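Biologist: Before we discuss this chain, could you show me how to read its features one after another, giving the general idea and then the case at hand?

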Amino acid sequence: MRIPKEFKLFNQTIKIVFKRNLIDTKHAFGLWDYNKSTIYLQPSTRKHILTKQQIENTLIHEALHAALNMMGETKLSDNEAFVHTLSSLIQQLIEQITNEK
């Protein structure tokens, strides 16, 4: 999967920005910022370089947070276990459909 610079959800443009200090400031490899309609991704840290699959999963994870927030499903969006599991299942489906790994 190619990581785009932006995409649309509910006709709202969501930007994707790669950032270097998320793990230091937010303790995460990805972050959905509702107020800025932006997903921030950190592809590596000083100690760890994320694989393509990990970056894609993080993007899907954060896009799910965005979609759930836009749907008014804030309780589901706040449920990290739910979002993590669903993003992993969606990534598995995408890999099977596109024959990518």
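Modeller: Let us begin with a definition: helices are DSSP runs of H or I with at least four residues, and they are numbered from the N terminus. Please keep in mind throughout that this is a predicted model. In that numbering, H2 is followed by Gly 72, whose phi is positive, near 80°.

Biologist: Which elements does the chain run through from the N terminus on?

Modeller: The secondary structure comes to four helices and four strands, and from the N terminus on the elements run β-β-α-β-β-α-α-α.

Biologist: How should I read the length of a helix such as H2, and what does H2 reach from its first C-alpha to its last?

Modeller: The general idea is to set the span against the one expected at 1.5 Å a residue; helix H2, residues 52–70, has 19 residues and reaches 27 Å from its first C-alpha to its last, close to the 27 Å expected.

Biologist: Where does Ser 87 lie, and is Ser 87 buried or exposed?

Modeller: A residue counts as buried when its relative accessible area is under 20%. Ser 87 lies in helix H4, residues 80–98, and because its relative accessible area is 0%, Ser 87 is buried. Leaving aside neighbours within four places in sequence, Ser 87 is in contact with Asn 57, Ile 60, His 61 and Leu 64.

Biologist: What is there to say about the spacing of residues along an α-helix in general?

Modeller: An α-helix has 3.6 residues a turn, so residues three or four places apart point the same way.

Biologist: How do I read the chain as a whole, and what radius of gyration does it have?

Modeller: One compares the radius with that of a compact globule: for 101 residues this would be near 13 Å, and the chain has 13 Å, which agrees. Its C-alpha atoms fill a box of roughly 35 × 35 × 25 Å along the principal axes, and 35% of the 101 residues count as buried.

Definitions and conventions:
Residues numbered from 1 in each chain as written. Predicted model: local features only at pLDDT ≥ 70, side-chain atom pairs only at ≥ 80, totals over all residues. Heavy atoms only, no water. Helix = DSSP H or I, 4+ residues; strand = E, 2+ residues; numbered from the N terminus. Buried < 20%, exposed > 50% of the residue type's maximum accessible area, 1.4 Å probe, protein only. Contact = heavy atoms within 4.5 Å. Rg over C-alpha atoms; globule rule 2.2 N^0.38 Å. Expected span 1.5 Å × (residues − 1).
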